[in-house]
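Please look through the sequence and the model shown here before reading on. The paragraphs that follow go from the overall fold to individual residues.

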Amino acid sequence: MLQELSGTIGNSHEALKDFLYGTKRCVEELKKDTATTLRVDLKEIVCGEGSVLRDAMRRDLENVKKAASSNCAETVAAILEVKECENKAGSIVKNKEKISALSSITLKRHEFSVEGLNTFKGRALANGFCAYEKKKVYTSGYLLSPGIYFKRDGQHVLMCPHIRLHKEIIDSVLQWPFEETFRLTIKHPSQSKECQRLVVVTNIKEYARPDTEQNVGAYCTARSLRLDELEREGYIADDKLQVVWELV
C-alpha cells in the first residue's frame, strides 16, 4: 500500500514538472512574439505614420518660433514706447520746474507759523541747537528753505534767521554766490507790533552755488532774538510764532 502511494506521488511530481516546463516555454514564446510585434509596430510608426507626426511637430515648432519672434518684436516696441513716454514725461517735469523757477523771480516773501515752540526749546537746551526749516520753495529764482535756527546760549535759547540753498534747474543763469539780504520778522498775534532782524549775507560756502542736492544751512547768531523775551512780550500764542521771512 505504501509503495503504491509513493509511486502515485512520484508520478504526480513528474507531471507537475512537465506542466511547469511547458508553461515556461509558452511564456517565453509569448514574450518573443510580443517584442517582435512591438518592433514591427514601432518601425511602422517611425517610417510610416511617424513621418506624419514629425511633419506635424515640425510645423508646430515653426509656428512657435514665428509667434515668439512676433512677441519679441512687440515687446521691444512696447519697451521703446515706454522709454519714449518716460523721456517726454521727464521733459515735461523739467519744463514745469523751469516755469516755477522763472515765475518766482518777483516772489520774495513767505509767511508761515512755527508750531511746537516748547519742543524746539527743549531740543535746543538738550542738544545745543535745532532748526525749523520750511519746505523748499522758489524765491527770486533760487530754490531755498527759509527757517529759524534755535541755539542754546547759557540758560536761554536764541532764535536766529536761517536759510538753506538747494540745487535747482536754472542755477546756471543765477548770480553766485547768493548775495541777497534777508529779513526775519516776528509778528505779534494780537497787537500791531513786530520784531525784526536783518541779515546781510557774507561770501561763505553756505551761500555758494550748490554742487550737491543742497548746501549746509546758514544762520546768523549776531541777528538773533531771545525766545524768553518774545514769550514775555506776548509774541508766542498757543505754542507757536507767526513768522515773515523775506528777501529785501
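Ser140 is found in the loop between strand 3 (137-139) and strand 4, where helices (H or I, at least four residues) and strands (E, at least two) are DSSP runs numbered from the N terminus. Phi of Ser140 is near 55°, a positive value in a residue other than glycine, and Ser140 is buried, with a relative accessible area of 9%; buried means under 20% relative accessible area, exposed over 50%, and partly exposed in between, with a 1.4 Å probe and protein chains only. Asp239, in the loop between helix 3 (227-232) and strand 10, likewise has a positive phi, near 65°, but counts as partly exposed at 26% relative accessibility. Most residues other than glycine have a negative phi, and most peptide bonds are trans. The peptide bond from Trp176 to Pro177 is cis, with omega near 0°, and Pro177 is found in the loop between strand 5 and strand 6.

This is a predicted model, in which local features need pLDDT of at least 70 and side-chain atom pairs count only at pLDDT 80 or more, while totals for chains, interfaces and linings use all residues. Residues are numbered from 1 along each chain as its sequence is written, and side-chain values use heavy atoms, with hydrogens and water left out.

The protein chain contains three helices and ten strands, which follow the pattern α-β-α-β-β-β-β-β-β-β-β-α-β along the sequence. Of its 248 residues, 28% are buried. Among contacts (heavy atoms within 4.5 Å) between residues at least 6 apart in sequence, 65% join residues at least 24 apart.

The largest nonpolar core has 38 residues, and those with the most contacts inside it are Val114, Phe150, Ile163, Phe178, Ile186 and Leu241; such a core is a set of buried Ala, Val, Leu, Ile, Met, Phe, Trp, Tyr and Cys residues joined through side-chain atoms within 4.5 Å. Its largest share, five residues, comes from strand 4 (residues 142-153). Leaving aside neighbours within four places in sequence, Phe150 is in contact with residues including Val114, Leu117, Phe120 and Ala124.

Leu117, Phe120 and Ala124 are the buried residues of helix 2 (residues 117-127). They cover an arc of only 65° around the axis, which puts them on the same side of helix 2; the arc is that of the directions from the helix axis to the C-beta atoms. The face turned away from this buried side carries the exposed residues Asn118 and Ala126. Among the elements that cover the buried residues of helix 2 are strand 1, strand 4 and strand 10.

Strand 1 pairs with strand 10 (residues 240-247) in the antiparallel sense over seven bridges, two strands being paired if DSSP finds at least two bridges between them. In strand 10, Trp245 is the bridge partner of His110. His110 has a relative accessible area of 7% and is therefore buried, and its side chain is joined to that of Thr139 by a polar contact of 2.6 Å. A polar contact is a pair of N or O atoms within 3.5 Å; within protein, one must be able to donate a hydrogen and the other to accept it, and residues adjacent in sequence count only if both atoms are side-chain atoms.
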